[in-house]
Amino acid sequence: MGEFQRNICVLPGDGIGPEIMEEGLKVLEKVRKKYDIVFKLNFGYIGGAALDKYDSPLPDETKEICLNSDAVLLASIGGPKWDHYPPEKNPEVGGLLGLRKLLNLFVNLRPVVVYDKLKNTSPLSKRVLKGKIDLITVRELSSGIYFGQPKQITDKKALDTMVYEKDIVERIARVGFDIAKARKGKLTSVDKANVLYSSMLWRRVVEEVSKDYPVVELNHLYVDNAAMQLILNPSQFDVILTTNLFGDILSDESAAIAGSLGMIPSASFGGDINLYEPAGGSAPDIAGKGVANPIAQILSVAMMLEYSFDMREAADDIRKAVESVINEGLGTRDIIDEKPLSTSKIGDLIADRI
Ligand code: NAD
């Protein structure tokens, strides 16, 4: 038995969650065998599944498991049965936002790769999709206009406040530069510094932090131009570093380029415990049919291995296995028109190649 033990909190959740989580764990098991590592999996309930069992979307039992783990691996939560519940009992508000708060998550990472074989499932034309598209959005998650005070609404006037403090910008900028350093060394900071004071500070702090990363090439884009560049020439990007609001929008835009939500993993960093989950939701329209794409979940496992357990090689094994399956023209029905395979078959094929 290996000496390297890691505790993982596993939260399958609702809808397609349990189906895609099974495939993520199948792949993790292959990594365990190959690298002789001990992963201790601690299963918990979240979202609708937790409401049904504990009458709470994030029960104390689940919080306890999360806080006693080295990383949290989530699938997806929510569904029509619970969507109308009030905020404290709503799967997304009480469950997902509650989890983000519990883990003090302040950065969300969403990588997007457009595989050659899938260029015809992207909404962008092949003319635009030339070159390798492999980018990651680093979004600030804890501050900005979603949380700034004051926040007010009356019948005649509504107010939100966009605040950024130097420390918060510096913290996220360092994450962005570290990631860029480990990738192609190119960082694009996105703001609206021609109009917004909070963006002027953002740009100034990013410039300051860049002095500690001479190997990373930094450029700045205004958010309106960034939104345009993403669909005009996505291969120019490596790392996009941006605020909470702009990141929310741009990371969805970049995910759309890949053709299916089922392909996009994500990671959120906090204090000691990071959260890994697919970018998509619980997809109630296809739940229980064995057709969901498990790749977002499998790539979330790869992100967990790389960022929480420093297992870059194992993470790359998973990414190469995914790429090889896709390049053979195999996939679930969201990405393949002819002879699509089932969720578990795709999981098997990827696991077999590790
Ligand atoms: P969704 O992401 O669940 O689905 C949007 C579309 O993408 C659907 O057509 C779905 O079939 C497809 N899709 C998503 N993941 C897929 C996959 N792995 N394979 C193939 N197709 C996939 O978003 P929605 O329909 O707006 O929301 C459904 C439920 O999910 C709601 O209850 C919502 O609150 C919840 N939700 C949860 C999360 C989360 O868990 N982080 C995120 C978004 C929405």
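**View 1. Lining of the second largest pocket.** The lining residues comprise 11 nonpolar, nine polar (Gly among them) and eight charged (Asp, Glu, Lys and Arg) residues. The model is predicted: local features need pLDDT of at least 70 and side-chain atom pairs pLDDT 80 or more, whereas totals for chains, interfaces and linings use all residues. Residues are numbered from 1 along each chain as its sequence is written, and side-chain values use heavy atoms, without hydrogens or water. A pocket is an open set of points on a 1 Å grid, where a 1.4 Å probe fits, with protein on both sides within 12 Å along at least five of seven lines; lining residues have an atom within 4 Å of a point. Of the 28 lining residues, Glu92, Leu96, Ala279, Gly280 and Gly281 lie nearest the centre. Helix H4 (91-102) (a DSSP run, H or I, of at least four residues) gives the largest share, five residues. Domain 1 (1-108 + 262-354) and domain 2 (123-257) both contribute, so this pocket lies between them.

**View 2. Lining of the largest pocket.** Val113, Asp134, Arg183, Asp316 and Arg319 lie nearest the centre, among 24 lining residues. The lining has 13 nonpolar, no polar and 11 charged residues. Helix H10 (312-327) supplies five residues, the largest share. Domain 1 and domain 2 both give residues to this lining, so the largest pocket also lies between them.

View 3. Ten strands (DSSP runs of E, at least two residues) form a mixed sheet in the order E2-E1-E3-E12-E11-E4-E5-E10-E8-E9. Strand E8 (186-191) runs parallel to E9, joined by six bridges; Lys186 has Glu217 as its bridge partner in E9.

How values were computed
Pairing = 2+ DSSP bridges. Domains from an automatic or database assignment.
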